[in-house]
Amino acid sequence: MKLNSLNIKEANEGLKKKSFSSVELTKACLDQIRKLEGKLNAFVTVTENEALEQAQEADKLISAGQDLPLLGIPIAIKDNFSTLGIKTTASSIVLDDYIPPYNATVVAKLKAAGMVLLGKTNMDAWAHGSSTETSDYGSTKNPWNIKYLPGGSSGGSAASVAADEVIAAIGSETAGSIRQPASWCGVVGLKPTYGRVSRYGVIAMGSSLDSPGPITKTVEDSALILEVLAGVDENDATTSPLPVGNYSQKLSKNIKELKIGISEEYFIDGIDKEVKEMVEGALKKFEKFGAKIENLKLFDPKYAIDVYTIIQRSEVSSNLARYDGIRYGNGRDYFKDEAKRRIMFGTYALSSGYYDQYYNKAQKVRTVIIDDFKKAFEKVDVIIAPTSPSLALPVGATKDSAMFGEIADVLVEPSSIAGLAGINIPIGFSKSGLPIGMQIIGPQFSEELVLSVAYEYEKLTQVEKWRGLKPNL
Amino acid sequence: MKYKAVIGLEVHVELKTNSKMFCSCSADYFGQKPNTHTCPVCLGLPGALPVPNKKAIEWCVQIGLALNCNIPLFSKFDRKNYFYPDLPKGYQISQYDKPFCVNGYLTLTSGKKVGVTRVHMEEDTGKLIHEKVSGENVSLIDFNRSGVPLVEIVTEPDFETAEEVKEYLQKLQQIVRYLGVSNADMEKGNMRLEPNISLRLSNQQSAISNQLPPYKVEVKNINSFAFVSKAIDYEIKRQTEILEKGKTPIQETRGFVEKNSSTVSQRVKEEASDYRYFPEPDIPPLRWTKEQIKNLKSQIPELPDKKTQRFEKNHLLPRTDSIILTREKITADYFEEAVKLGKNHDLTPKQIANFIINRKIDITTTLPAELVKEVLNSSKKEEISDAELKKIIKEILEKNPKVAEDYKAGKTSVIQFVIGQVMYIIRKKIDTEVLRKLIMEELK
């Protein structure tokens, strides 16, 4: 087995047993990156030299008996996380030469946990999109079929994990940007509750929605990284002071008592038949393992699109105002169409005379959606639904569709609007060989529950044949 | 007067907190090397987030409480979106529809209450410096001031004269200094004033006169109380002339020009600017408990008006003395400390007040105990009555007629001669200041 195809747990064990060094592990990842980047374009920046230095340092610490959760583990981070001394572009040429003088809290925490930073992953420019096709550095391709898109906006992170270029990666989700690419690339993507993980240093998209989270090969890895990332941050006033769980220690869950909610609104018209059938099949397996499935009537997700579009665009129009080219970066004429569209939309929605009609109304509906979920979670523990209504779409699919992202993310936007915890886990493949994912949604700050349910499913279906598949690149 | 002025006021007060409003940079920017008090937050770097300064918020609420405001239990920050090179985020974090303090007032000496519409919290901007660098005209930005806590105090259009405005400003300055929340130093820009002025006919019936004029002129760039008066007087004159011609002055922003005490048009406001306010998503809304507000109120020291009244009542001081002694809290505290010590020596508060006021005592170098000693010494010296002294002075002046002549001719040094003569005659140590006054009276 190649070292780069290990997950965090396996790599940690190997490093501890000295079966291999962090330098060897890092080199294996760098080799894979070198081999595949021409096809995948998952990275904006590969920090080869720094990574090898950090790996050497990690090996010394391992020899000295240091025990850190991610010591010597090569990880890639989405390019909207500020990295001290390393170019951070959010895949926009507006920030083509911008080098942050500070680390995002997530980056600082990962470094403190011993991570080896492999590089910065490609994304939709400013995280505006669900495909990575809006990246100013070219689209990332889906490792399972490079004629297809990886999803987005954390497409580079998801693709790099799926292609074993890295052991794990970090993404960020405003609505779907972790779960949807994880679904299209067949990996685990966790969107924590809003406020569970600090946004400090993450280039802001929708400030009231942005949630950083891990993209990993297994659920257990996801729990391990969340343990490192979660918690209150004095630099982010919206982080929650609630205590952080021992997520990786508390993964086992007796699903015999589990009540799973499903809503027909989430099996919408136009949903891919194979996706629908496979999620229904997964639910049957849950039932077989003893869980109870309950039908819910949830608010039609199409309303969430309107609410999300207004709130997110409004915040974007204000958040992008600082990129004036005066202090750093290029000028405003470097913004591309998608960002310009969002700025114009948001500016309009916030204008006097329209504020009440749009932004204010959207906030009111947002409250209704939050209440809707609250009521649902009085009846059930978690809600399960397809993550994306479709399989990965072919390259070029987004070119003429300004609302592409919103349609692709229809099934993840309501839970994002409500700030809930959600996770995508792979459940199989289409006949065409593209991954299919399912999402498990829980109440706010229910990461422990959501991870446990995902972990149980992963464990109980570990024998399924598709699990051994690797992209053929 | 055919017209009556309608004047409202916006005052910005910079707080003297240790750190800035939303980051931990030092807020003490005055005279510092440019761009040395900065961080990702106050430079508006990608990904940086604001974390509000608790002290600044509490001080803002205390200013509101001192101005008799209501403190709503729910409040929030908003983004005010506009572009200017000194505003690094492209928006200013301010407060829109839920300010910390609302519906207050400040009472003028006349008894008139000036309505305080709102007191809210926001952040200062950076500073633009236009300079020639190697022969080229450039604009430089200093972000040291960016993010310094700023409190905005807005009044109702309740002022009718420049004098009222001036008194309000003096009182406001005194209050924030009493609270110890700002130096309120005009020259350092700690306090910035923006009056808006319009005129209406003074004989309008009450129902109509409640209506505001259909325009408003805002004046900026004013950095002293004296200039506010001048700007207002100038505007009243200018607008009267326009109205006399049967026209309506245009709604605009004008700048004050120091050299000829006039105002010039800066920007014509065709309509209200659209700042696209929306709730600041990076800062959760604030909820106070009644207890917290009560607690903040209890920390407010006795304010100048109350203190003045108490000095009159408890220390039996004339109003003028009370006003002088309470002008600054440090003087008032000094006075009361000296009164306490003087009591043991049967000194009256009035004796101590006289000494502080007439002798212009430097309270930073003379301890209250030392002051009491000095008062005691000088009162011992007053063994000779004023009437007796006057008699002696008269005699000396009669014997030396040239003294009066010289004095009238402007030679004031002759007073010193008379003092010497008096001292020679009485052979006692007396208060020469009192003596000097008596001599001058006699010479008039």
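**Figure 1. Helix 11 and helix 13 of chain B cross at roughly 120 degrees in this predicted model.** Helix 11 of chain B covers residues 386-399, helix 13 of chain B covers residues 414-426, and their axes come within 10 Å. The pair is therefore oblique, since only angles over 145 degrees count as roughly antiparallel and those of 65 to 115 degrees as roughly perpendicular. The crossing of helix 11 of chain B with helix 13 of chain B is right-handed.

**Figure 2. Residues in the contact of helix 11 with helix 13 of chain B.** Helix 11 of chain B contributes B:Leu389, B:Ile392, B:Ile393 and B:Ile396. From helix 13 of chain B come B:Val418, B:Gln421, B:Val422, B:Ile425 and B:Ile426. By type, the residues of this contact are 8 nonpolar and 1 polar, with no charged residue.

**Figure 3. The contact between chain A and chain B.** Chain A supplies 34 residues to the contact and chain B supplies 24 residues. On the side of chain B that touches chain A, 15 residues are nonpolar, 5 are charged and 4 are polar.

**Figure 4. The fold of chain A.** Chain A contains 14 helices and 11 strands. Its radius of gyration is 21 Å, close to the 23 Å that the globule rule gives for 473 residues, so chain A is as compact as a globular protein of that length. The C-alpha trace of chain A spans about 60 × 60 × 45 Å along its principal axes. Of the 473 residues of chain A, 62% count as buried. Among contacts in chain A with a separation of 6 or more, 76% join residues 24 or more positions apart.

Key
Residues numbered from 1 in each chain as written. Chains lettered and ligands numbered in written order. Predicted model: local features only at pLDDT ≥ 70, side-chain atom pairs only at ≥ 80, totals over all residues. Contact = placed C-beta atoms within 7 Å. Nonpolar A, V, L, I, M, F, W, Y, C, P; charged D, E, K, R; others polar. Axes fitted to C-alpha atoms, helices over the stretch in contact; angles between N-to-C directions. Helix = DSSP H or I, 4+ residues; strand = E, 2+ residues; numbered from the N terminus. Parallel < 35°, antiparallel > 145°, perpendicular 65-115°, else oblique. Left-handed = near helix turned anticlockwise from the far one by under 90°. Rg over C-alpha atoms; globule rule 2.2 N^0.38 Å. Buried ≥ 20, exposed ≤ 12 C-beta atoms within 10 Å, placed from the backbone.
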